[in-house]
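Here is a brief report on one protein model. Look over the sequence and the structure, then read on.

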Amino acid sequence: VQLQASGGGWVQTGGSLRLSCTASEHTFGDYNMAWFRQGSGWEREFVAAISRGGGRTWDTNSVKGRFTISRDNAKNTVYLQMNNLKPEDTAVYYCGAARATSDYYGYYCESKIYEYWGQGTQVTVSS
């Protein structure tokens, strides 16, 4: 599966961006999808995940109420709507795809479960 991420850019504090990640295969619906991010000098960290059918989502505390993950299986695409952006959101954002599934939130925070990754898209938030 090839994942193509897009939508990053430069925005001022309080602004919004919507990231997209499109998969190359029609089996997109077989995968749980997630967004991670990696700031300069930092390890890759979990941002949000969504179940295969889109009925369940998980996100990290620092983005609750500001970011929303969603997907459109007909378009093989997962989205990350980011509102009220802050300078600490500056990072390269990556989408990941995982076949494995769990009811445990912490499971989706582990980057090792994701079999495929997009190339990353840069988000820069200026103060």
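Asn 84 is partly exposed, with a relative accessible area of 42%. Buried means under 20% relative accessible area, exposed over 50%, and partly exposed in between (1.4 Å probe, protein chains only). Asn 84 sits in the loop between β8 and β9. Its phi is near 50°, a positive value in a residue other than glycine. Strands are DSSP runs (E, at least two residues), numbered from the N terminus.

Asn 76 also has a positive phi, near 55°. Asn 76 lies in the loop between β7 and β8. This residue is buried, with a relative accessible area of 15%.

## Basis of the model

This is a predicted model, in which local features need pLDDT of at least 70 and side-chain atom pairs count only at pLDDT 80 or more, while totals for chains, interfaces and linings use all residues. Residues are numbered from 1 along each chain as its sequence is written, and side-chain values use heavy atoms, with hydrogens and water left out.

## The four-stranded sheet

Four strands form an open sheet, in the order β1-β3-β8-β7, with antiparallel pairing. Two strands pair if DSSP finds at least two bridges between them. β1 (3-6) and β7 (67-72) stand at the edges with a single partner strand each, so one side of each has no neighbour in the sheet.

Six bridges join β3 (residues 17-23) to β8 (residues 77-82). Leu 19 has Leu 80 as its bridge partner in β8.

## Nonpolar cores

The largest nonpolar core has 27 residues. Such a core is a set of buried Ala, Val, Leu, Ile, Met, Phe, Trp, Tyr and Cys residues joined through side-chain atoms within 4.5 Å. Met 33, Trp 35, Leu 80, Met 82 and Tyr 93 have the most contacts inside it. A second, separate core of nine residues includes Phe 36, Ala 49, Ala 98 and Ile 113.

Tyr 93 touches residues including Leu 19, Trp 35, Phe 67 and Val 123, not counting those up to four places away in sequence. Contact means heavy atoms within 4.5 Å.

## Cysteines

The count comes to one disulfide, defined as a pair of cysteine sulfur atoms within 2.5 Å. Cys 21 and Cys 95 form it, with their sulfur atoms 2.1 Å apart. Cys 21 lies in β3 and Cys 95 in β9, so the pair ties together parts 74 residues apart in sequence. Both Cys 21 and Cys 95 are buried.

Cys 109 is in no disulfide. The nearest cysteine sulfur, that of Cys 95, is 17 Å away. Cys 109 counts as partly exposed, at 26% relative accessibility.
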